[in-house]
Amino acid sequence: MSGARRLLIIGGICLALLGMIYGVWYAVFAEHQELDGIGKSLTTGFSAAAQRDPSAADGALQQYYELKYNYDRHVDVHGHWIGLAMILIVLGIGLDRVSFGEQVKMLLAAALLVASFLFPLGVLLQTLSRGPVPPVLAVAGSVLVIASLAGMILGFARGQKP
Amino acid sequence: MRGRAETFAPLSARRLLVLGGIGLILVGMLVGDMLAVFVLHQNAARVGESLSAAAHAAVAGDANAVAASFLSVGSFLENRGTKVDTHAHMIAFGYLALMLAILQPWVALREGTRKKVAWIFLFGSWLLPVGVFLIHYVGLAHSPLTTIGWASIFADLGGVVVIVATVGYLLGIVRYLRQRQSLSTPDWLLEDRSVAGRILIAGGLALVLLGFLHGAYYAAMDLYNQEALDAGLLNYVAAAASSRHLTQVEQGLGLYGQLAGKKAVNIAAHAHAIEFGLLAMLLAFFQPYVSLREQWKQTWAWVLLAGSLGLPVFVLLELKLGLVAGGIADVGGLLVILALLAMWIGIVRYTGELDSAPQLRAGGRG
């Protein structure tokens, strides 16, 4: 097994495990509470509107926005880590069809693995900080995923030629 | 290099994972299609109706009716969420099963152990989605916990079982990597370069890239605006209800419904393009096991790709073309299911040929 293939397959399985462990943790300790909070903040907001209390309604709906923002990202991180892990494993399995030298394959594999970890991590960090670092990390990660994936496709296309 | 019969023997780990994995994907897709047609759209309409009822109750100053309406919104959302999760997890576990099937020659464990781990994996892969599906119906009945019911507990247990099985295979791969004497190509399956396999690999990769590009474009151009608009519109509706402006409430609810539709189609298109691309790539590796004529194998590969491209494209067009696009997207999903079923039947035929060969040889000798 070549180094690049090993990196993609082992890295992919580790990333899938990370995504699954994170998903189980999230489902047990956070998801139900978060969903409960979303429902309660919506109810409080519209109940306050019924009682003609716009500032209380505004506060409750702001809380809804925060909870929904975090919920969407938590679910996305779980899905993206596992989804990207699967792509890493499949690319690792089919790596001998990529018509590049071993060094280029290793570079593409390393870039794809690092980007696949960092992109969802950036999304997850957005739930902890609203500063510029998490979105920059997420954008940089996603750009690197697309670039390295495009590189792999180029290699596959070269390999398909008779 | 291991032979075909050796790596695909009756009830071998690889055969269990291939047939079980494609079975999970097929059932997951059928569940998704049935839910989309019979449950999800109706459910989304009920969520909208309940939200509208809550806003109208707020206009009327009836806080109790608001609470009652949101109670039903919560119930409808939970119903919808658990059904989507059932669909998604079945398919994801099916993909993982196929990947683990391909990796079997690199798992340095005894065949008996690999087989047991495959059964454990498949058990967890069914337990989780079935548990998730039942969450809405079982609720908190007889639960020892305040927020999590028995169905949820069993679903989480299924997830843990899948993790344990995956860790088991990972340890097997790590063990293989330590046995440096057997690092040569271990499997003939990866050597296949058939036309059907190449069509599926190239098409699958293109779909994955398209899905990523669409996701990146959506995240950059629309996602943050739509998130802000979601909260802004709810604020607008609540403020209009508070000041009893019924027309503004209706206008806000209408815009909120459109926004929910836009978000749903974009996320669905992004996810389905990538998932179908991955499926095509995975199936490419199993083409040598598909016992159909080469022409049919190529036809089913093209059918799978056509459906895989058609579904996300027409899901996106639903906002412009309405139900017609929705119908074409459903046909796309059906094409994927048909192609997958054809390949699964081809693999079952192959297992039959493989299993009957020794018996025929024994009969010939006798």
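Arg52(A) sits in the loop between helix 1 (3-50) and helix 2 (54-93) of chain A. Before going on, a reminder that this is a predicted model.

The phi of Arg52(A) is near 55 degrees, which is a positive value in a residue other than glycine. As for its surroundings, Arg52(A) counts as partly exposed, because it has 14 C-beta neighbours inside 10 Å, and the partly exposed class lies between 12 or fewer for exposed and 20 or more for buried.

Now to chain B. Which residue there has a positive phi although it is not a glycine? That is Arg244(B), with a value of about 60 degrees. Arg244(B) is placed in the loop between helix 6 (195-242) and helix 7 (246-285) of chain B. With 14 C-beta neighbours inside 10 Å, Arg244(B) is therefore also classed as partly exposed.

Next, the domains. Chain B is assigned domain 1 (1-182) and domain 2 (194-356). The centres of these two domains of chain B, taken over C-alpha atoms, are 19 Å apart. In terms of contacts, 23 residues of domain 1 of chain B meet 27 residues of domain 2 of chain B.

Which elements give two or more residues to the domain 1 side of chain B that touches domain 2? They are helix 2 (13-59) and helix 3 (63-103) of chain B. Helix 2 of chain B gives the most to that side, with 15 residues. By class, the domain 1 side of this contact in chain B has 19 nonpolar residues, two polar and two charged.

That is what I have for today.

Key:
Residues numbered from 1 in each chain as written. Chains lettered and ligands numbered in written order. Predicted model: local features only at pLDDT ≥ 70, side-chain atom pairs only at ≥ 80, totals over all residues. Helix = DSSP H or I, 4+ residues; strand = E, 2+ residues; numbered from the N terminus. Domains from an automatic or database assignment. Contact = placed C-beta atoms within 7 Å. Nonpolar A, V, L, I, M, F, W, Y, C, P; charged D, E, K, R; others polar.
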